[in-house]
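Please consult the sequence and structure shown here.

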Number of protein chains: 2
Amino acid sequence: MLDKLRRLPLAELPGMAEELRSTIIDSVSRNGGHLASSCGCVELIMALHRVFDTPAEKIFFDVGHQAYAHKLLTGREEGFKKLRRYDGISGFTTPLESGFDPAVSGHAGTALSAALGHCAADPDAPEKVIAVIGDGSMGCGVTLEALNHAATLKGSKRLIVILNDNRMSISGNVGALSKALNRVMAAKSYNKFRSRVIKMLSPLPKLKNFVARLNEAGKSMFLPPALLFETLGLRYFGAVDGNDLQQLIPTLERLRKIDDPVLLHVITQKGYGCEFAQADPTKYHGISGCDPDTGEMAVNNGGFSEAFAAAMVDLAEKDPELQAVCPAMLEGTGLRKFAEKFPDRCFDVGIAEEHALTFAAGLAAAGKHPVCAFYDTFLQRALDAVYHDIALAKVPVVIAVDRAGVVADGPTHHGIYNCAFLRAIPNLTVINLAAECEMAEALEFAVKSRLPVVLRYPKGGGAAIPGLVPFEYGKAVIRKSGKSGEPVLWASGKEVATALEVAGNLEKYGCCCTVADARFLKPFDRETALKFADSQQFVIEDHCETGGIYSALSEIFSAVPHAGIYSFAWSAEKVISHGEIGKLKAAAGLDAASITEKIAGLMQKKPI
Amino acid sequence: MLDKLRRLPLAELPGMAEELRSTIIDSVSRNGGHLASSCGCVELIMALHRVFDTPAEKIFFDVGHQAYAHKLLTGREEGFKKLRRYDGISGFTTPLESGFDPAVSGHAGTALSAALGHCAADPDAPEKVIAVIGDGSMGCGVTLEALNHAATLKGSKRLIVILNDNRMSISGNVGALSKALNRVMAAKSYNKFRSRVIKMLSPLPKLKNFVARLNEAGKSMFLPPALLFETLGLRYFGAVDGNDLQQLIPTLERLRKIDDPVLLHVITQKGYGCEFAQADPTKYHGISGCDPDTGEMAVNNGGFSEAFAAAMVDLAEKDPELQAVCPAMLEGTGLRKFAEKFPDRCFDVGIAEEHALTFAAGLAAAGKHPVCAFYDTFLQRALDAVYHDIALAKVPVVIAVDRAGVVADGPTHHGIYNCAFLRAIPNLTVINLAAECEMAEALEFAVKSRLPVVLRYPKGGGAAIPGLVPFEYGKAVIRKSGKSGEPVLWASGKEVATALEVAGNLEKYGCCCTVADARFLKPFDRETALKFADSQQFVIEDHCETGGIYSALSEIFSAVPHAGIYSFAWSAEKVISHGEIGKLKAAAGLDAASITEKIAGLMQKKPI
């Protein structure tokens, strides 16, 4: 496809764009994925691959979920048909998939740093290094750190930053920088004004120097993005229409010849060319699938996010101090509902995870009851804030962690590592929810505790569990009582349901297991655990094998005679792929059937 | 002291400043601490407490190590005599110590986020909220995230940002923002120029509107910091001399009346009023102690940082691809030496931990051999980059981690939590060094492995260990062979020496222990461990009790019959204080004597 792209006459490129876009819509509607942003930058990606000598010249995408056209152009058409499937390709860029992907990119904001590394590695190389960064990433710490570093770095003359400005991170941008970007439209009126002033002043010889300065400074006066980036040492160009190949290609050709770090401001339309996605880009940001023609989606079956949304609204009615903080995930976490009802009590801080938590710590120290909503994988970016700004001062921030556990998106998005760190942090309580029916009570429990609490729950809905058991601080819940000396199955989150299923299966082998829900990972219910010393204990958890329940139990029993503890969890020795959760679990031996078989084998039991 | 400060006539304040400064020099010279920055902002802190109604109006310090004068003014004179001692006060701010400290601040860059939380908690409160941020923090992600958020936040009219610009983070600033700040001196010439132009243009009626615009925009033309902050929606004032109370006090009084978010640019002199610190502020940034009159310091006894410095220089001679990356710790990590010898191969990226690692990942992906030097506590801020940007793509970045373990500075600086997270991350190798004589070999081993490696070592020097044992991937080292069935002492890092001491002590109880150095925490030497199933195993580690060797062993033996595993490590249930390491260890029962006694007791042995 790359050959074709570079060979075709300019006039035929829009047709190619249409083809790419329809392939994207087709695959995403079937497999799920990021539709609106990917549709929005088809032309931009085509223009980049046409003008630059990829892969010798490298394109770094800031979040690879916009890079579907890039995948199609670089030999991944077959795999793309099974986008995000276990036997298909990843929804993000990764060098393990293609030589055209210079970096892993699933967490927003990293492109510029990685691109600068490439620039610096060979500062005088003639090849350009391109970083495509979203306007949402402009509020993200690591992007800003890199922007600060960029121009002062030897080798940055190789850098071309493409600011892909679609006017929203996921659901609309926040912050002063985004406001500044939006003021770019004054450009045209500025240009007129400047010519008029220059004409008027030119005859006055004393002002000659002033006019020259005005020419430079004028940009800054009327183009806030220009002054911003030029202060940072980047030459600013734009804004150009990022869905118009006729504008993009010649502009990029000119920029390629410039021997300075440059930034091209490109305005793209999220969802461009896909009617329904363009009409509601937030709805079609990341989807599980839809009708390719109408965009119709299966009705959401509720699940934890929705339970969280409802619980927040309900609690807010009772607790006037309750507030919500969120780093650019209002939709995904369900907080949008709260934001609409209590706009003054909801803070979307943009893609700024560290700031979100430290800001929430400030709210809490000032007497508010903040609940900060994250995806598990993005909390990884703010672990220091959990320790330094929340736990050390013991300020009562509740961190609601959605998407805990392995997710279809793959390694950049799995929520299976944080507990390892959180379990080591003093003053912290870590709770895992087994079913959405527990949400309201758990949230109220966490907020009322006036302690720093991490409340974790998986994506989607949990399978049914028997009855709602009130939360008692630090206490595990016995979900099924088995016979003394028979196996004990420990689990938390969704895996409580798996454990119950396994327990049911094992009855066919003559085993009457206990199922214990370790809803408090920290503090761990040592007392309950010690009662099971005579039983073989099996841990089923949607977390890395180290740092969760299995580690806690192993430590508790390290010097206590016991009958053995076994882990069913994700390996810490290999990267867990993307794909359907069922297939990922089966491949790792973590589905109920595999676990049943393994336990039965260990116990040398046969079906009765 | 606060009363006195507010009562004294203006003319007598410099005398008070001198007293405060001499108290600071006296205590820091005896106890160690941060001298240069604290001396530099005595006047600034006095002016703030004089003008603002503290503690109702709150001052957030961005890194509390500059806040010594604040501590003295707010009732902590007695404790300050024992600054950073176990029975004295902390070297940083913390609400657990005083109601005048609204937040914990040991990691740079958090003040603005926390202050914004306070503003937002009660947006219409009349009290101002003051955030004192260093120029070094201007390159730090979380500060930049907060800056972006600030002006768009309801309640930010309460915010007064004091940009305490001492022209260096620790050892000189980097980046475009810092360059922009330094261009502030054009201010005077700008003011002259502007008056001249305005006079000249005023008679031309058509240009009236233009003149008004010029007045606003002019600032931006000639004052890069102004344009920057005003783009971000903060009203910029300055720069004023931050060591001049006569300038500071009236300026702050005026700012207090403004109902907008403002930023005051204050230029302070690092080390001001302390001759030797002013002459070499980098040397006197953080010290262990010195002669209070001359600044003479005890000769550094080498230690791990120096060994690292030497090893880097040596390896760079052999390996032309070796490069160094560091987030503002060139001095502390010893990299300054490398930077001087190989300026083109050393990147100090400023206080930008995430960017440092992602940038290094870029260097590595482009074929370089980057070594990224951190303090352990600051690596906490970049754990996501370890996973997302380094481990997932398996790019060969070596992360050299200094100050691993508990340090005198206290909870904000202990390096005892990261291993818990790192141990869960695939594709990662984690090595702990027991003595500085191992550094050169370990570093070369790590770089040559072409794998992502974390190389950890403590502050200062390790006690002697017998002989240098070559590094074999994933293999533990038996430092002392004991009798079969007798206790095995596991340790890593400096604690290998402790374990040897304990083993020596236990001989007096008739025990002939084995000492095993688990230098590879990941992958852990399972094979060696399993050989010791018949021995009681005791783990001595300078890490949180969860996430290190003890967890690894507990997991390995979770389903294997064994004689018991016991941990001597830092509690995950309580915050570890500041103070002399010896006292901290003794209080936690982690010194050799306590450990010996505990083990002997467990084994029911008496001295022979």
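How many aromatic pairs does a search of the whole structure find over all chains? In this predicted model, the search finds 35 aromatic pairs over all chains. The points below follow some of these rings, then turn to charges and cysteines.

**Aromatic rings in chain B**
- The ring centres of B:Phe445 and B:Phe471 lie 5.9 Å apart with planes at 35 degrees, so this pair is tilted.
- B:Phe445 belongs to helix α22 (residues 439-448) and B:Phe471 to the loop between β13 (453-456) and β14 (477-480), so the pair ties together parts that are 26 residues apart in sequence.
- B:Phe471 is buried, at a relative accessible area of 8%.
- B:Phe471 also pairs with B:Phe520; the centres are 6.4 Å apart and the planes at 70 degrees, so this pair is edge-to-face.
- Because B:Phe520 lies in strand β17 (residues 520-522) and B:Phe471 in the loop between β13 and β14, this pair ties together parts that are 49 residues apart in sequence.
- B:Phe520 is buried, with a relative accessible area of 1%.

**Aromatic cluster in chain A**
- One aromatic cluster is formed by A:Phe445, A:Phe471, A:Tyr473 and A:Phe520.

**Charges over rings**
- B:Arg519 lies over the face of B:Phe471, 3.7 Å from the ring centre.
- In chain A, the charged end of A:Arg345 sits over the ring of A:Phe342, at 4.7 Å from its centre.

**Cysteines**
- The structure holds zero disulfides over all chains.
- For A:Cys544, which is in no disulfide, the nearest cysteine sulfur is that of A:Cys419, 10 Å away.
- A:Cys544 is buried, with a relative accessible area of 0%, whereas B:Cys437 is partly exposed, at 43%.

Definitions and conventions:
Residues numbered from 1 in each chain as written. Chains lettered and ligands numbered in written order. Predicted model: local features only at pLDDT ≥ 70, side-chain atom pairs only at ≥ 80, totals over all residues. Heavy atoms only, no water. Disulfide = S-S within 2.5 Å. Buried < 20%, exposed > 50% of the residue type's maximum accessible area, 1.4 Å probe, protein only. Phe/Tyr/Trp six-rings, centres within 6.5 Å; stacked < 30°, edge-to-face > 60°. Helix = DSSP H or I, 4+ residues; strand = E, 2+ residues; numbered from the N terminus. Lys NZ or Arg CZ within 6 Å of the ring centre and 35° of its normal.
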